[in-house]
Amino acid sequence: MIVRILSEGQYDLADTALDRLNELDTAVEAAVAAGDETAFRAALAALLDGVRSVGTPHADDDFVESDLILPPADAALEEVRELLADDGLIPG
Amino acid sequence: MTLMKRMSLIFKAKANKALDKAEDPREVLDYSYQKQLELLTNVRKGVADVATSRKRVELQINQLQQQADKLQGQAQQAINVNREDLAREALTRKSGLAQQIADLQTQHANLQAEEEKLVLAQQRLQAKVEAFRTRKETIKATYTAAEAQTKINDAVAGIGEEMGDIGMAMQRAEDKTAQMQARAGAVDELLASGALEDLTAQPGDDIAKQLNELSSKSDVEAELAKLKGLNAPAAPQAIGQSEGTQQPTVDAPANETKPEAQS
């Protein structure tokens with residue numbers, strides 16, 4: 001499985017890591033829904049750290065699509081909302 | 001759907017759209033390659049722009065630091081000639097400068113981080129563009145319609161995602177740099193106005209008032225106490241107190257919003 005952290009690059013991850021990442025992702029999603037910037041920062045950092053720690057950087061000279069794409073580490077909650085709202089999945 | 005999946009779908013849809021133009025599959029390869037070279041040029045320019053901003057902030061920090069040192073010297077001189085009022089003014093200005101310097105140092109760290117990110121993005125893109133060029137020629141050479149179409153789609157989708165990512169990183173770096181440039185402009189004006197130059201020329205001018213507001217009074221008092229100590233070795237009690245927690249003439253009511261007691 002290949003995961004991209006925007007602004008940072010791609011990581012190769014074992015498929016078995018997905019369950020754990022999904023848990024961390026749920027926390028990020030909840031913080032975005034609640035508009036809680038502090039919780040969002042912590043949850044996003046935990047999710048990205050999870051990817052970095054179980055994954056290995058994907059080769060620079062290869063180009064394949066990622067299975068998952070994650071926001072940049074320094075993304076603000078509002079920025080993530082805008083990224084997601086672009087196609088109208090999240091109203092308002 | 002999870003946040004990760006939504007973001008992935010949206011991002012991929014955008015990246016693919018950007019390369020949707022050509023109809024002949026082999027044209028797609030050339031078109032994509034051309035776009036990659038353009039992006040690489042832009043990233044290089046972006047790195048140079050951020051570096052320029054960083055150097056400008058470095059220069060400003062040095063200039064403000066020189067002013068602060070000068071004001072410190074003036075305060076010392078003023079004390080030497082028993083002009084506590086002038087010394088106070090000098091230290092007040094210096095205190096305002098210290099806050100500006102700290103602010104600029106934060107900006108400098110941010111710009112440096114952006115620059116490092118862009119340099120890494122540039123290296124990544126450079127490696128991918130070179131690999132893409134090789135694969136492009138291979139695909140063209142072994143061209144048999146259906147097989148090549150799949151290879152082309154994979155290659156273009158993979159590089160498209162990378163280009164979308166780097167394009168976004170560029171945009172964010174540019175936005176951040178633009179914000180900091182606006183603030184750097186204000187500091188340049190302050191420096192150019194000469195308001196920081198000569199303490200005796202225009203006491204109480206607009207800049208001095210602004211800096212006054214910025215400055216923290218207790219810093220000034222502490223510095224004054226220190227200076228007096230340096231110039232009045234005959235008063236050991238004052239030295240002892242200024243090293244400790246003495247808070248001369250602190251207004252108690254001003255501390256109402258901070259309930260914790262100072263120890």
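A word on terms before the first stop: helices here are DSSP runs of H or I with at least four residues, and strands are runs of E with at least two, numbered from the N terminus. Keep in mind, too, that you are looking at a predicted model.

**Stop 1: chain B on its own**

Select chain B and switch to cartoon. Going along the sequence, the pattern reads α-α-α-α-α-α-α. That makes seven helices and zero strands. Of the 263 residues in this chain, 29% count as buried. Looking at contacts in chain B with a separation of 6 or more, 80% come from residues 24 or more positions apart.

**Stop 2: colour by confidence**

Now colour chain B by pLDDT. Its mean is 76, and 72% of the residues reach 70 or more. Pick residues 199-203 of chain B: the pLDDT there is below 50, and the stretch has seven contacts in the model beyond near neighbours in sequence. Then pick residues 234-263 of chain B, where the pLDDT is also below 50 and the contacts beyond near neighbours in sequence number twelve. For the model as a whole, the scores are ipTM 0.76 and pTM 0.67.

**Stop 3: where the chains meet**

Bring chain A back. How many residues of chain B are in contact with chain A? There are 26, and they touch 25 residues of chain A. To see where they sit, highlight helix H1 (3-18), helix H3 (84-141) and helix H4 (145-192) of chain B, the elements that each give two or more residues to this side. Colour that side of chain B by class and you get 13 nonpolar, three polar and ten charged residues.

**Stop 4: the cores**

In soluble globular proteins, nonpolar side chains tend to be buried together. Which residues touch the most other members of the largest nonpolar core here? Select Val28(A), Leu47(A), Val51(A), Leu70(A), Val43(B) and Ile166(B); the core has 55 residues in total. H4(B) is the biggest contributor to this core, giving twelve residues.

Zoom in on Val43(B). Apart from its neighbours within four places in sequence, Val43(B) is in contact with Leu118(B), Ala121(B), Gln122(B), Leu125(B), Ile166(B) and Met170(B). There is also a second, separate core of nine residues, and Leu71(B), Ala78(B), Ala87(B) and Val220(B) are among them.

**Stop 5: the sheet in chain A**

Over to chain A, where four strands form an open sheet with mixed pairing, in the order S3-S2-S1-S4. Strand S3 (56-57) and strand S4 (68-70) of chain A are at the edges with a single partner strand each, so one side of each has no neighbour in the sheet.

**Stop 6: two positive phi values**

Most residues other than glycine have a negative phi. Ser7(A), not a glycine, has a positive phi of about 70°. You will find Ser7(A) in the loop between S1 and S2 of chain A. Is Ser7(A) buried or exposed? Ser7(A) is buried, because 22 other C-beta atoms lie within 10 Å, and 20 or more is the cut-off.

Finish at Asn82(B), whose phi is near 60°, again positive in a residue other than glycine. Asn82(B) sits in the loop between helix H2 (25-80) and H3 of chain B. With 10 other C-beta atoms within 10 Å, Asn82(B) is exposed.

Technical notes: Residues numbered from 1 in each chain as written. Chains lettered and ligands numbered in written order. Contact = placed C-beta atoms within 7 Å. Nonpolar A, V, L, I, M, F, W, Y, C, P; charged D, E, K, R; others polar. Buried ≥ 20, exposed ≤ 12 C-beta atoms within 10 Å, placed from the backbone. Core = buried A, V, L, I, M, F, W, Y, C linked by C-beta atoms within 7 Å. Pairing = 2+ DSSP bridges. pLDDT = per-residue confidence, 0-100.
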